[in-house]
Amino acid sequence: MKSFAALALLAVVLSCRLDTFFRGSGSGAPPVAGPPAALRFTDQPQTTHARKTLPPVRVAVRDDQGNVVAGFGGVVALTIDSDTGGVSLGDTTTVAAANGIATFRHLRIDKAGAGYRLVASAPGTALAPVKSQAFAILPPLTGNMTVTTTTAGSNLPSGYTVTVDDSISQPIGINAVVTFVGLAAGSHVVTLAGVTSACVIDGANPDTVSVSGGETAQASFDITCAAPPPPPPPPPATGSLTVTTATTGSNLPAGYTVTLENGQSGTIGANDSVTATGIAVGDHTVTLGGVPANCTVASPNPQAVTVTVGATAQASFMISCSATGP
């Protein structure tokens, strides 16, 4: 009787040890998942303000026992339920699963509303699409922006125009402050226009400013202006001068020289007429030179002339030449 009891006890002990051996120690080995059977949201979309990134949304691929299929690395896609049309979900709506879970980190909805649902699908598989729980998108967070201008120097303009995002504009003085109220939280582009050519902005224009919800951001423009340079002086007033020679007799020379009192000179034939342009306005003295000994200038030499703006003064020389010796 005792032998039978001992044998029964030994069988129980061996059974427990074999069970422990096959199951392993501790909490047991993870179950081996079967083929993909369904999609499930493991991290549901949360209520968020419009234009803000949603907290990460995760979708798992599970087998028919509810185990995550860690070997699945296919693509999972998210869309907004067709009940809410005309709304964008952002630019990253398709993600490859890692260890059976697809994580979406860049989802964003720009339109406030309630009852939104996301639909997860696995393109190229037979897995049925699944909807998320309903969530809301709150109105976007807003803030304000104060723009300040500081202008120094001379030849100052009367004012400028400041524009945010090429859509909202306000006039602003040269040393003034204006405020834009109710701007959506995020980055905005601020542009100062009406800056004259005599002025230079010290810094970026346009400038990018970040607005936080419930706060007032600051943008400032420092402008320095200077008087324009004086215009160049007008060109000197000038006119023209025509010199004429008339030579008679015999043994005429080939020509003469004509010289002004300022040293400007040129040549002229024995019976010739030459005109010089660009002669300064005023009184001048014209001298006929190079007259040979057998010739006599009958006209005054030098000769006084007056040049006026845009007109042509005249100087004429009459010369008589005689025959030279045998």
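This is a dialogue about how terms are applied to one predicted model.

Biologist: Why is D283 called exposed?

Modeller: Exposed means over 50% relative accessible area, buried under 20%, and partly exposed in between (1.4 Å probe, protein chains only). D283 has a relative accessible area of 61%, so D283 is exposed. D283 belongs to strand β23, residues 282–289; a strand is a DSSP run of E with at least two residues, a helix one of H or I with at least four, and both are numbered from the N terminus.

Biologist: What is D283 in contact with, neighbours within four places in sequence left aside?

Modeller: Contact means heavy atoms within 4.5 Å. On that basis D283 is in contact with E261, V305 and T306. E261 lies 22 residues from D283 in sequence, with 9.8 Å between the C-alpha atoms.

Biologist: What makes the link between the side chains of D283 and T306 a polar contact?

Modeller: A polar contact is a pair of N or O atoms within 3.5 Å; within protein, one must be able to donate a hydrogen and the other to accept it, and residues adjacent in sequence count only if both atoms are side-chain atoms. The side chains of D283 and T306 are joined by such a contact at 2.7 Å.

Biologist: Why does T242 count as buried?

Modeller: The relative accessibility of T242 is 8%, so T242 counts as buried. T242 sits in strand β19, residues 238–249. The T242 side chain makes a polar contact of 2.7 Å with the side chain of T275. Residues up to four places away in sequence not counted, T242 touches S273, V274, T275, T312, A313, Q314 and A315.

Biologist: What makes a group of residues a nonpolar core, and how many residues has the largest?

Modeller: A nonpolar core is a set of buried Ala, Val, Leu, Ile, Met, Phe, Trp, Tyr and Cys residues joined through side-chain atoms within 4.5 Å. The largest one has 28 residues, and those with the most contacts inside it are F41, V59, L78, F104, L107, I109 and L118. Two or more residues each come from β1 (38–43), β3 (57–62), β4 (75–80), β6 (101–104), β8 (118–121) and β10 (135–138). A second, separate core has 21 residues, including V147, L192, V211 and A217.

Biologist: Which residues is L78 in contact with, its neighbours within four places in sequence left aside?

Modeller: They are F41, V57, V59, L89, T93, F104, L107, L118, V119 and A120.

Biologist: How do you know that β1 and β3 pair?

Modeller: Two strands pair if DSSP finds at least two bridges between them. Five bridges join β1 to β3, and the two run antiparallel.

Biologist: Why do β1 and β6 stand at the edges of their sheet?

Modeller: The open sheet has three strands in the order β1-β3-β6, with antiparallel pairing. β1 and β6 each have a single partner strand, so one side of each is left without a neighbour in the sheet.

Biologist: What does β4 pair with?

Modeller: Three bridges join β4 to β5 (residues 94–96), which run antiparallel. V76 stands opposite V95 in β5. β4 also pairs with β8 in the antiparallel sense, over four bridges, and the bridge partner of I80 in β8 is L118.

Biologist: How do you know that C199 and C225 form a disulfide?

Modeller: A disulfide is a pair of cysteine sulfur atoms within 2.5 Å. For C199 and C225 the S to S distance is 1.9 Å.

Biologist: Why is this disulfide right-handed?

Modeller: The torsion about the S-S bond of C199 and C225 is about 105°, so the disulfide is right-handed. The pair links distant parts of the chain, C199 in β16 (residues 199–201) and C225 in β18 (residues 216–225), 26 residues apart. Both cysteines, C199 and C225, are buried.

Biologist: How many disulfides are there by this rule?

Modeller: There are two. The sulfur atoms of C295 and C321 are 1.8 Å apart and form a disulfide, which is right-handed with 110° about the S-S bond. C295 and C321 are buried.

Technical notes. Residues are numbered from 1 along each chain as its sequence is written. This is a predicted model: local features need pLDDT of at least 70, side-chain atom pairs count only at pLDDT 80 or more; totals for chains, interfaces and linings use all residues. Side-chain values use heavy atoms; hydrogens and water are left out.
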